[in-house]
Amino acid sequence: MPAAYSDDLRRKALAAVERGIPKKDVCDMFNISRSSLSLWIQRLRHTGSYSAKTGYQKGYGHKIIDLAAFKNFVQQHPDKTQAEMAELWPEDVSRRTISRMLKKIGFTRKKDLWLSRKG
């Protein structure tokens with residue numbers, strides 16, 4: 001993901017617009033897109049700040065949060081496939097979710113056995 005423009009650049013561009021310089025010239029001067037400048041102006045009007053957004057979620061939300069409970073579940077069902085584990089898990093999860101969580105807790109599949117790499 002590309003990095004956000006610095007607050008210093010945003011402040012200078014918005015100050016140029018406030019001085020009456022046309023938006024097109026400001027965009028050419030600071031090498032920014034017109035849509036970025038418009039979004040900064042809009043954000044400044046609505047929130048009073050032109051800073052980049054922070055604190056938004058990055059990545060996906062995990063459906064299986066309690067890893068200790070999941071590890072116990074796997075140890076209770078060592079002979080099940082990932083698809084069967086997905087059906088047995090209390091919440092609605094996919095086989096791929098089970099696969100990701102198995103990798104996260106350090107389990108790997110060797111032939112027909114689940115073995116822990118971490119001990």
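## Helices H4 and H6

In this predicted model, the axes of helices H4 and H6 cross at roughly 100 degrees and come within 11 Å. An angle from 65 to 115 degrees counts as roughly perpendicular, and H4 and H6 are therefore roughly perpendicular to each other. Two packed helices are described by the angle between their axes and the distance between the axes.

On the H4 side, the residues that meet H6 are Leu67, Phe70 and Val74. Their partners in H6 are Ile98, Met101, Leu102 and Lys104. By class, the residues of this contact between H4 and H6 divide into six nonpolar, no polar and one charged.

## The order of the elements

The protein chain holds six helices and two strands. Read from the N terminus, its elements follow the order α-α-α-α-α-α-β-β.

The protein chain has 119 residues, of which 27% count as buried. Contacts between residues at least 6 apart in sequence can also be sorted by how far apart the partners lie along the chain; 45% of them join residues at least 24 apart.

In soluble globular proteins, nonpolar side chains tend to be buried together. Which residues have the most contacts inside the largest nonpolar core? They are Ile64, Phe70, Val74, Ile98 and Leu102, in a core of 13 residues. The elements that give two or more residues to this core are helix H4 (67-76), helix H5 (82-88) and helix H6 (95-104).

Another core, of ten residues, lies apart from the largest one. Among its residues are Leu9, Ala13, Ile32 and Ile41.

## Phe73 in helix H4

Phe73 belongs to helix H4. Is this residue buried or exposed? Phe73 counts as buried because its relative accessibility is 8%, and the cut-off for buried is under 20%.

When neighbours within four places in sequence are left aside, the residues in contact with Phe73 are Met85, Leu88 and Trp89. Met85 is twelve residues from Phe73 along the chain, and the C-alpha atoms of the two are separated by 8.7 Å.

## Helix H6 and Ser99

Helix H6 has the buried residues Thr97, Ile98, Ser99, Met101 and Leu102. Two of these, Ile98 and Leu102, were also named among the residues with the most contacts inside the largest nonpolar core. An α-helix has 3.6 residues a turn, so residues three or four places apart point the same way.

Ser99 is placed in H6, and it counts as buried because its relative accessibility is 18%. The C-alpha atoms of Ser99 and Gln82 are separated by 6.6 Å, although the two residues are 17 apart along the chain. Just after H6 comes Gly106, with a positive phi of about 90 degrees.

## Helix H3 and its partners

Helix H1 (residues 7-18) packs with H3 at an angle of about 85 degrees, and their axes are 11 Å apart. H1 and H3 are therefore roughly perpendicular to each other. From H1, the contact uses Leu9, Arg10, Ala13, Leu14, Val17 and Glu18; from H3, it uses Leu37, Trp40, Ile41, Arg43 and Leu44. This contact of H1 with H3 has eight nonpolar, no polar and three charged residues.

H3 (residues 34-47) also packs with helix H2 (residues 23-30), here at an angle of about 110 degrees with axes 9 Å apart. H2 and H3 are therefore roughly perpendicular to each other, and H2 passes H3 in a right-handed crossing. The contact is made by Lys23, Lys24, Val26 and Cys27 of H2 together with Arg34, Leu37, Ser38 and Ile41 of H3. Its residues divide into four nonpolar, one polar and three charged.

## Asn31 between H2 and H3

Where does Asn31 lie? This residue is in the loop between H2 and H3. Asn31 is exposed, with a relative accessible area of 67%, because the cut-off for exposed is over 50%.

Most residues other than glycine have a negative phi. Asn31 is a residue other than glycine with a positive value, its phi being near 55 degrees.

Methods
Residues numbered from 1 in each chain as written. Predicted model: local features only at pLDDT ≥ 70, side-chain atom pairs only at ≥ 80, totals over all residues. Heavy atoms only, no water. Axes fitted to C-alpha atoms, helices over the stretch in contact; angles between N-to-C directions. Helix = DSSP H or I, 4+ residues; strand = E, 2+ residues; numbered from the N terminus. Parallel < 35°, antiparallel > 145°, perpendicular 65-115°, else oblique. Left-handed = near helix turned anticlockwise from the far one by under 90°. Contact = heavy atoms within 4.5 Å. Nonpolar A, V, L, I, M, F, W, Y, C, P; charged D, E, K, R; others polar. Core = buried A, V, L, I, M, F, W, Y, C linked by side-chain atoms within 4.5 Å. Buried < 20%, exposed > 50% of the residue type's maximum accessible area, 1.4 Å probe, protein only.
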